[in-house]
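Open the model in your viewer and keep the selection tool at hand. This tour moves from one stop to the next.

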Amino acid sequence: MSNRIRRVELMDKTLVPAEAEVWVMLHLDHLTPTTEVRGRLMGPTCRYASTVEVAYALRPLPKSQKPPASEGPARTLRVVIPEPSLWDPISPFLYHGPVELWEDGTRVEQITIRHGLCSKTLNTHGLRWNGRPLTLRSRDVLTGSEDEMLALRAAGYNLLTAPLGDMELWERADRIGFLVLGRVRTPDEAVPAELTGHPSCLGFLFDADVWSQVDRSQRKGFKSRGFSGVELHALPMESLPADLDFVACDAERCEEMSELGLPVIALGDAAEKRL
């Protein structure tokens with residue numbers, strides 16, 4: 001019976017200076033007594049720093065730990081990284097490696113995964129990335145080519161607002177060192193499953209009238225992968241939904257929007273508000 005990897009989720013189970021524990025969850029066609037997963041994460045790598053790569057094997061979860069719930073057949077493994085190098089826009093450290101699916105002693109599929117270790121919190125006092133305040137300077141892009149992103153980085157930008165579904169853009173952002181807000185234009189757009197593990201994913205930016213039309217399950221999908229907010233051009237006439245994480249606006253309107261009691265992210269070339 002053939003088998004394949006449908007998708008992969010990477011979850012930071014533990015992230016402290018001494019050690020990081022990452023869970024790798026593979027969603028499969030099916031599980032049999034001969035299903036086996038092998039793999040490793042190697043790193044760190046960073047285009048702006050010389051590093052020594054070390055390989056860390058994927059291992060089964062301890063019997064005391066239960067794997068996360070899954071809607072279908074899945075296998076979860078763990079990798080432990082001592083003294084991890086964290087990802088941020090200045091030093092975008094990444095870990096990468098192969099994951100193999102085996103059946104009856106035969107390898108049936110191999111994929112490559114990549115992961116950046118980071119933590120983020122957002123409140124009205126600002127954005128803290130890996131525990132430190134981060135000032136955002138944003139630019140809206142459509143394709144975000146490598147040359148364009150390198151030029152923007154050199155000019156001091158660290159946040160892109162971009163179309164939601166361009167996975168190559170998010171991959172370049174991981175390597176080059178950008179945060180990204182994916183623009184969601186219609187209520188039927190779903191968060192791409194491929195976004196799991198992308199450290200560049202700050203969250204999602206909705207048109208003002210779209211978030212209220214997104215159904216509950218889709219909202220959970222977006223919020224599980226980043227912060228969700230709406231772009232405003234004026235103070236709204238009605239109360240905003242309670243489950244929004246932030247509002248975004250032109251830089252000159254930030255003080256006005258702060259009356260809403262939510263974190264405010266400034267957009268545009270003049271966006272240098274500390275968040």
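**Stop 1: colour by pLDDT.** This model is predicted. The protein chain averages a pLDDT of 91. A score of at least 70 is reached by 97% of the residues. Now compare the elements. Strand 4 has the highest mean pLDDT, at 98. Helix 3 has the lowest, at 84. Then select residues 270-275. Here pLDDT stays under 50. For this stretch the model has 26 contacts beyond four places in sequence.

Stop 2

Zoom in on strand 3, residues 36-45. Four bridges join strand 3 to strand 4, and the two run antiparallel. Pick Arg-40 and look across to strand 4: its bridge partner there is Ala-57.

**Stop 3: the largest pocket.** Select Glu-9, Thr-196, Gly-221, Ser-224 and Arg-225. Of the 36 residues that line the largest pocket, these five lie nearest its centre. The volume of this pocket is about 850 Å³. Colour the lining by class next. You will find 14 nonpolar, 14 polar and eight charged residues in the lining of the largest pocket.

**Stop 4: the second largest pocket.** Select Val-8, Thr-112, Glu-194, Thr-196 and His-198. They lie nearest the centre of the second largest pocket, which is lined by 19 residues. Two or more lining residues come from each of strand 1, strand 8 (106-115) and helix 2 (167-176). Which element gives the most to this lining? Strand 1 does, with five residues. The space in the second largest pocket is about 430 Å³. Its lining divides into eight nonpolar, four polar and seven charged residues.

**Last stop: Thr-196.** Select Thr-196 again. Thr-196 is among the residues nearest the centre of the largest pocket, and also among those nearest the centre of the second largest pocket.

Terms used: Residues numbered from 1 in each chain as written. Predicted model: local features only at pLDDT ≥ 70, side-chain atom pairs only at ≥ 80, totals over all residues. Heavy atoms only, no water. 1 Å grid on protein atoms, 1.4 Å probe; cavity = no way out; pocket = protein on both sides within 12 Å on 5 of 7 lines; lining within 4 Å. Points joined across faces, edges and corners; volume = space filled by probe spheres on them. Nonpolar A, V, L, I, M, F, W, Y, C, P; charged D, E, K, R; others polar. Pairing = 2+ DSSP bridges. pLDDT = per-residue confidence, 0-100. Contact = heavy atoms within 4.5 Å.
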